[in-house]
Structure formats: C-alpha cells, structure tokens
Amino acid sequence: MPASAFRVAAVQSALRYEGRDAAVERVCERIAEAARTGARLIVFPEAIVPGYPAWIWHLRPNLDGSAIAGLYAELLDQGVTIPSPATERICKAAGEAGVYVVVGMTERNAEASNASLYNSILYVDPSGQIMGKHRKLVPTGPERMVWAQGDGSTLKVYDSSVGRLGGLICYENLMPLARYALYAWGIQIYVAPTAARGELWLATLRHIAMEGRVFVIGCGFVERRSDIPTRYAFKNDYQPTMDEWIDDGDSAIIDPEGSILAGPLHQAEGILYADIDPAQMTSSKWIFDAAGHYARPDVFRLEVRTAEHPLLVVDDGVDGPGVADVPG
Amino acid sequence: MRPSETPLTRHIVAVVQHPPVWFDRSATLSRAVDLIREAAGMGATLVAFPEAFVSGYPFWLFRTTPDDWDVPAELYGRFVESAVDLAGDDLGPIREVARELDVTIALPVNEVERRATGGTVFNTLVVIGPNGAILNRHRKLVATNAERMAWAPGDASGLKTIETPLGRVGGLICFENLMPLARYALIAAGETIHLAPTAYGYDAWTAWMRHVAAEHRAWVVSPSVAFRWSDVPADFPHADLMGYGGSDDWGSYEGGSVVVDPWGEIVAGPLWKEHGILYATIDTATATGSRFISDSAGHYDRPDLFELTVDRRTRRSTTYLDDPADRV
C-alpha cells in the first residue's frame, strides 16, 4: 500500500467501430494524456478494443442472421491475441508513461481454435509488462452469442505499488461469489469496466465499494449514433427510441465509504480523475470487512476452483500429458 | 385458498417507519398491533417493521462508554428484560392479530432465551404467517461494530426462504445485507421477497437496496429505524450521558424505508425524517421475467468454479443427557 495519496483515471472512450489498431492508438494517446495529468493507474472500458459489439443486443439471430455472421467474422478478425503487436503497443505506452493500465478487449482464443472470443481485461504494469488478464466468467444475455466463458484461472488480485488490484466486468459484478473471492484475496482497488450505465449501475458501484471497502473505478464507454459507420446496415433501425446518445457512459470513481469521488460522467467523452487516500483502504474496515471480521467461516465455506482448463491436453505417450508444450 | 383458485401475485405491502417504546415490551407490542391494524385496513397483506422494533434499537451502545461499568450494565439489564422470549410466547398478541386480520408480519425483535442463561440477546427477524404461526426466526449472523457488545452472533438455522401467501420470503438484517455469501444463500433458495430491516439511515442504504434487488431479482422490502431524540422516553436511563439532551434532531436515525422491484427500481420511498407507513403494490410474478438477464445463483453463476456450503444446523451450547424418567 502506498504511503501517500495518488491519482487514478477512468477513460470514458467512445465506441467508434474503427477497428483494432485505431482503437489501440486511441488507448495509447489517452494513457499518455492521463499520465501527464498525474494518474498512476488508468482504466479503460469493457471491450473497448476493438469496440463493444453493441449490435448483439439489437439484431435477431433468425431474421438478421447473415448480418450477424458477417459482424462476428469482423469481430474475430479485429479481436486481440494476448500477447500480440496490439498488446505490445499498449505495454509500450504503459512503460513509457510508467503507469498501471487496465484495458477491456475482445480477446481471440489463439491458444485453441483461434475462432472464439472472450470478453477480457488486460493488466499492464508500469514497466510495460503484462501482469495478467481476466476473462469474463459469464457474458450477459445476448453477449453469450459472441463471447465464451472464462475459466477460474483468470480470477485474480494483483499486487501493485498502488494497492492490491483486481476487478470484474459489467454484470459479473452481480456475482456475489466472485466478489467474495476478490475480497478474500485482499483487493483494495476494484476496477469495473462496463457497458452498463445509469442510476442503478451507480448504486451497484456504491454497494460494491462499501461491501468490499474498496475504491471502485467504474469505467464505461459512450456510444453516439453519428459514430456508427453507414456501412453497417443495422444503423438504419438501431435503437429507434434513442436519439444521438445510445450509451451515456456514466463512469464513476467511488471511495470505500460509498462516496462518489468523480463522475458520473454523463454523455461525454473524457477522463475522470480521482485522488485516492490509501489510509481509507484500512480505516474503512473498522465498520465492515466482508471476508474478515464480518464473515462467518463456521457457517459459509466457499470453494473456488482456479485451475486452468485448457481446451486440449496432449498426451503423446512419452513424457506425460502436456509436457510437449513446455517451452525450452 | 382452494386448490382450483389461481394464486394471486399482486399484494400490498406495508413498511412501518415508527419508533417503539424503548425498554417496554408490552407498550411496544400494543403499538405494533395498532400499526398492523392500520396497515391491514389499507389492504396490506404483509406488514414489515424496522430492526429491533421490540423493544428498541440499542442506540445507547454508540453513546456511552463501556468504562462506566454501572451505566451499560443498567441499560443492558433493561434491554434484556424487554426482549422477546419466543418459547414463552411473548409475541402472542402479534400472532393473534395476524390470524385475525389474515396478514403476514415481519417483526424484528431483541430475542432472549429465558430458559437458557437469560442474559444473552440476539438480533432476530421473526416472520409470522396469517395463521398466526411463527414461520421463521433468523438471528443476525454478525452484529455491527458496537452492537457486538449487546447482540450475540446467531447460527444460520433461519437463513432460509419460507413459503408465504406472497411468495418465497427471506431476510437479512442491516449490514448482513453486505454479506455476499449470506445473500447468495437466499438467492439460491429462490427468494422472491427480500426483507431488509435496518437502522442504517444514510442515503447509501438506498443504493444498497437497489443493488440487492437487482442482484436477487427479488422485491426488496426495507423498513428503517427513524426517530427524533424527543421520541425517546424522557425517563430513559442515563439519558443525560448521551449527548442529545433537549434535542429534537433525528440523530443518525433518519429512516429511509424503501421498496424496490426486482429490476432495481424504487417503487415506494425512501421515506426520510418522517414517521409513517409506506405502502407499495407488488407483483411477485415480476421476479421471474427479470431473471432473463441475470439470475445470480442460476444461469449467471459458475457452479464449476464456485461451490458454497452453508451450515444451517442449530447450534446448542449444551446437551444434557439424563436418566430416563422411570429411573428417577
């Protein structure tokens, strides 16, 4: 835990449908900008590289099937392999700025079929190294038609020089057991990249801040009708009840007492900043500590399985299962 | 209800935001009966009361020093004497009025077992059915902060949902609503109405209740303690030590009773700095459809990664093994 106050940033980007490389460049520009303003941890929205597939909430699998297949192929093509030149570019920006970066992305499963996708967040440290990634455990509603479910191996809390860092993506934040695991691992800074917005989402962020006695960085994106390229046929009848603002953003940074330090940033692109007082990470636990003095381990026993579940384990009959894959 | 009748899903619930008569069980029960009659007269079939209604939330724990041995001892004595012993049928008048008016009643009490030591109190939520029977007794699992000096931690034998004419009812008391595992246990038990009596009169409570409703996809019925210092009886022991002398303020007990639907939208309240009864018409069928997008212990869960075991066995301090009666 750092001794003195430090600054964090939530970058509320716009959904632009410009593809992976353009999205990565924008991420890198915002990393540099937020770092110049003094941020030591910079958080980006859910799936912002190459962009959240918002069309999945709109199109009908039967009636719009061919359009969806094309959009899925494009999402695969623009998906991010970890590691790859796209992640190296982000790592370089983080390293040059000397900051922690958390970026939401659609991740391609390069380790297996290379044709499925995960909703992931990538963690990068100030030396430009990948700390790890988290694959969303359960995609929400129609998201299940484009994203697969991550296994337990990516549910983690990372040590960092600004505190113990971790998080969940969008409606994963409504999974009590996943949150409890993070609390039990001592999370202090909780990132919540999301596509959700509005008063109810803000209520969820405040609830989690007070339940976990953590700083919560909720980071969403905005979506403007005018940003949807005309080459997408769905633009014509997309969300007809809404005008220009299809997603309002509403990123917010909350302290462990549930107070809103910054935001919600509504219907605007921009960067939210907040100065975090690390003393609150511990003092707020006096009243409540979900996986400590306010737990009942005699009543509740939670088992979490964090084993990796590879899609294929190769047993070549020589060295035992899987060893052929060990490098070196 | 005759078997041929279609069950009705629409109900009026009443949330009581009135003070009790501290340390006077009989007067408090009379007040409760009057309030139940008033609510039933408005068509309510569920009447819910705030935390520790019988016979009063122990605010004195937060305003006295344990170092004054005689002072807390005297207050504790009054607290224990005015508590409710279920085995002694102290709630007889409530059971009677429930039967007479055909209503379900959620009544939080300070609970004592006079046939045990008679010196320990639990923070208990009692649910009484329209037949006058006690359907459930949930003892708060963890008391909060200074409360731990006056309330013992309960076992989890009441951590369950019960069938009522309104649907499956569960409940947690005050900060228990920040316990992810306790809430998960009720979600998994199919709760459709969640009772959340509290004494936490801050605006964050509304945010918690909205999050809880959305996470449980259940109706949240949350009665909150609300009183002015002038509502505390003038002869309250050691009132002079508690720093509110002559004040007509609401202290930190400003209410905030609220009813929230399974989507997380507020349907009644929050009621601040007022006494009264909050009414809401709820349709318990709503809970089912709202689970399309999220069902925290169902399709939005990962039982392959998380496995929760809940020990709901009744804990008894002593088991006496005696001679058979014919040998005495």
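Strand S14 (residues 300–304) of chain A pairs with S13(B) in the antiparallel sense, over five bridges. Here, pairing requires that DSSP finds at least two bridges between two strands, and both helices (H or I, at least four residues) and strands (E, at least two) are DSSP runs, numbered from the N terminus. Within this cross-chain pair, A:Arg301 has B:Thr309 of S13(B) as its bridge partner.

The model is predicted, so local features need pLDDT of at least 70 and side-chain atom pairs count only at pLDDT 80 or more, whereas totals for chains, interfaces and linings use all residues. Residues are numbered from 1 along each chain as its sequence is written, with chains lettered from A and ligands numbered from 1 in the order in which they are written.

Turning to the interface as a whole, 33 residues from chain A and 34 residues from chain B take part in the contact; two residues are in contact if their C-beta atoms, placed from the backbone, lie within 7 Å. On the side of chain B that touches chain A, the elements giving two or more residues are helix H4 (180–188), helix H5 (204–216) and strand S13 (306–310). Of these, H5(B) supplies the largest share, seven residues. Sorted by class, this side of chain B holds 19 nonpolar, seven polar and eight charged residues. In this scheme Ala, Val, Leu, Ile, Met, Phe, Trp, Tyr, Cys and Pro count as nonpolar, Asp, Glu, Lys and Arg as charged, and the others, Gly among them, as polar.

H5(B) also meets a helix of the other chain. Helix H5 (residues 199–212) of chain A packs against H5(B) at an angle of about 105°, and the two axes are 8 Å apart. Axes are lines fitted to C-alpha atoms, for helices over the stretch in contact, and angles run from 0 to 180 degrees between N-to-C directions. H5(A) and H5(B) are therefore roughly perpendicular to each other, a label given to angles of 65 to 115 degrees; under 35 degrees counts as roughly parallel, over 145 as roughly antiparallel and the rest as oblique. From H5(A), the contact is made by A:Leu200, A:Ala203, A:Thr204, A:Arg206, A:His207 and A:Met210, and from H5(B) by B:Ala204, B:Ala207, B:Trp208, B:Arg210, B:His211 and B:Ala214. Seven of the residues in this helix contact are nonpolar, three polar and two charged.

Within chain B, H5(B) lies across strand S8 (193–195), S9, S10 and S11, running at about 20° to S10(B). These strands belong to an open, six-stranded sheet of chain B with mixed pairing, in the order S6-S7-S8-S9-S10-S11. Strand S6 (162–164) and strand S11 (266–272) stand at the edges with a single partner strand each, so one side of each is left without a neighbour in the sheet. On average, and with direction ignored, neighbouring strands of this sheet are turned by 25° against each other. S10(B) and S11(B) run antiparallel and are joined by four bridges, with B:Ile266 of S11(B) as the bridge partner of B:Val260.

B:Arg217, in the loop between H5 and S9, has a positive phi near 50° although it is a residue other than glycine. B:Arg217 counts as buried because it has 29 C-beta neighbours inside 10 Å; the cut-offs are 20 or more other C-beta atoms within 10 Å for buried, 12 or fewer for exposed, and partly exposed in between, with C-beta atoms placed from the backbone. B:Cys174, in the loop between strand S7 (167–171) and H4, likewise is not a glycine and has a positive phi, of about 50°. With 26 C-beta neighbours inside 10 Å, B:Cys174 is buried. B:Glu254 sits in the loop between strand S9 (219–222) and strand S10 (255–260) and is buried too, with 22 such neighbours inside 10 Å. Apart from its neighbours within four places in sequence, B:Glu254 is in contact with B:Gly201, B:Ala226, B:Trp272 and B:Lys273.

One runs from A:Val49 to A:Pro50, with omega near -5°, and another joins B:Val54 and B:Ser55, with omega about -5°.
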